[in-house]
Amino acid sequence: MPVGPFPARSPAPWAELNKVTEVCGADAIFKEGEGSEGPLDLGAAVKSGDLSTAPREVDLLIVGGGLSGAVIAERCSKELGFTSLIIDKRDHIGGNCYDYVTPHGIRASKYGAHLFHTNYERVWDYITQFSEWMPYDHRVRGRVPDVDGVEQVVPIPPVQETVNALFKENITTEAEMQAWYDKQRVKPPTGEATNGEEAALSRVGPLLYDKIFKHYTKKQWDKYPEELDASVLLRLPCRTNTDERYFGDTFQALPVRGYTRIFENMLLRDPNISVRVNVDYFAEREAGRLPKYKMLVYTGPIDSYFSQAGMPKLEYRSLHFEETYIEEPDQGFYQEAMVVNYPSADVPFTRIVEYKHVANQTEAVKKGEVKGSLIAKETSSDVGEPYYPVPNTQNQELYERYRILAEKESEVCFVGRLASYKYFNMDQAILNALEIYDSLKETGKLQPKRRPEDFGHGDGPK
């Protein structure tokens with residue numbers, strides 16, 4: 001096992017493609033003297049789940065304290081002076097971005113690793129107002145058996161090194177890698193891919209498909225690629241060079257004091273914004289305990305909102321995390337990198353995340369004072385909190401029926417991953433919320449400027 005954490009930056013020349021070159025941005029809470037590295041205590045009133053202590057009338061009632069709701073609350077307050085009450089059934093703010101410091105002193109994410117990356121300069125300029133950020137080039141490794149059945153640790157997405165290690169090749173140039181792909185690729189029978197398997201074979205060919213993508217997809221979605229839309233696997237990266245970065249975006253960075261700090265700076269110091277966690281919107285609505293509001297911003301599952309409509313439920317995937325604290329791993333680390341994927345069919349989980357590798361760790365970790373390490377084995381399931389929409393024709397057709405219902409709700413803005421039945425990356429979620437705010441300024445109504453699919457594909461399960 002390598003000594004020390006996996007390097008936060010890619011080798012030249014790839015690191016130079018990231019425009020984030022040094023720590024930047026602003027953390028107002030830190031600047032005011034708050035030195036804690038974990039989430040701030042929200043206070044008894046916020047955590048009580050009791051709406052009787054919240055404002056009785058607000059401009060916006062926002063269901064969900066993740067990115068979409070937080071951006072809309074912050075913008076409407078700062079520029080228009082709107083009041084908001086954010087409610088969330090969980091016991092924290094930040095949605096799935098929430099991270100915290102464990103009792104052992106390790107910064108960890110409760111809902112799986114989050115990696116911020118964007119090509120949207122507007123999003124980058126916006127989000128750097130609420131945190132300091134450090135440059136970070138995310139790279140992933142995979143444990144994959146080679147043609148002789150010997151397990152290799154290789155870069156994912158595949159690059160020259162991946163193909164050489166798994167298939168005993170000796171590729172050294174981009175031209176050779178392109179020629180290897182050209183020889184491998186299988187054209188769809190009809191000329192255009194009609195499902196995920198045809199898409200994958202047309203992108204990477206059968207060898208990489210079988211070794212890296214086929215069974216990993218089955219574990220993530222409980223569906224083989226041929227059961228999924230072609231769009232899911234048409235975006236498979238086909239690198240001909242040696243760029244191991246998982247993302248190719250212009251801005252790639254980590255928040256210095258964690259993702260939760262972003263939400264704390266956005267929401268907790270603003271007198272126009274109130275927050276109550278441990279609050280179930282549907283239970284409070286049924287009990288008649290919601291405050292008066294001019295507009296509802298709903299970020300939960302759209303099928304839950306319309307549960308009385310008698311329509312089938314949409315299909316989602318959930319994630320389960322089996323966390324283990326390793327007391328004293330060899331050289332201080334359990335595995336080679338922060339994220340190691342296990343794409344083979346004989347391993348039940350999809351990947352292991354070792355948070356100690358991540359560059360925005362606590363000072364105690366950076367100083368070597370934390371000897372142990374926390375790992376999380378990640379497994380996909382159809383049971384549990386919804387994380388990812390399942391992209392196939394049946395679900396999309398059903399969502400369209402829900403979307404028609406949503407458009408008739410003139411006083412409700414449906415926004416975010418679950419309400420739009422669309423996997424948004426973090427930057428896409430932020431941009432979508434900013435554009436919805438733009439619509440409010442332009443038309444007087446909170447409404448999307450474009451359909452969710454117009455944002456392009458998100459990363460999806462990784």
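## Second largest cavity

By class, 6 nonpolar, 3 polar and 2 charged residues make up the lining of the second largest cavity. The model is a predicted one. The cavity holds about 90 Å³ of space, and the residues around it are Asp99, Arg107, Ala108, Ser109, His114, Leu254, Tyr259, Met338, Tyr355, Val358 and Asn360. Strand S5 (residues 107–109) supplies the largest share of this lining, with 3 residues.

A search of the whole structure gives 7 cavities of 30 Å³ or more. Rolling a probe the size of a water molecule over the atoms shows where such empty space is left.

## Helix H7

Helix H7 covers residues 196–221, which is 26 residues. Its end C-alpha atoms are only 12 Å apart, whereas a straight helix at 1.5 Å a residue would reach 38 Å. Where does H7 kink? The kink, of about 110 degrees, is at glycine 205, shortly before proline 206.

Both ends of H7 have a local feature to note. At the start of the helix, asparagine 195 places a side-chain oxygen within 3.0 Å of the backbone nitrogen of glutamate 197. After the helix comes aspartate 222, a residue in the loop between H7 and helix H8 (230–234). Aspartate 222 is not a glycine, yet its phi is positive, at about 55 degrees. Most residues other than glycine have a negative phi.

## Cis peptide bonds

One joins alanine 12 and proline 13, with omega about 5 degrees; proline 13 belongs to the segment before S1. Another runs from isoleucine 156 to proline 157, and omega there is near 5 degrees. Proline 157 sits in the loop between strand S9 (151–156) and helix H5 (160–167). Most peptide bonds are trans.

## Salt bridges

Over the whole structure, the search finds 33 salt bridges. One of them pairs aspartate 27 with arginine 257, and their closest N and O atoms are 3.1 Å apart.

Terms used
Residues numbered from 1 in each chain as written. Predicted model: local features only at pLDDT ≥ 70, side-chain atom pairs only at ≥ 80, totals over all residues. Heavy atoms only, no water. Helix = DSSP H or I, 4+ residues; strand = E, 2+ residues; numbered from the N terminus. Expected span 1.5 Å × (residues − 1). Bend = angle between axes of the 7 residues up to and from the residue. Polar contact = N/O pair within 3.5 Å; in protein donor to acceptor, adjacent residues only side chain to side chain. 1 Å grid on protein atoms, 1.4 Å probe; cavity = no way out; pocket = protein on both sides within 12 Å on 5 of 7 lines; lining within 4 Å. Points joined across faces, edges and corners; volume = space filled by probe spheres on them. Nonpolar A, V, L, I, M, F, W, Y, C, P; charged D, E, K, R; others polar. Salt bridge = Lys/Arg side-chain N within 4 Å of Asp/Glu carboxyl O.
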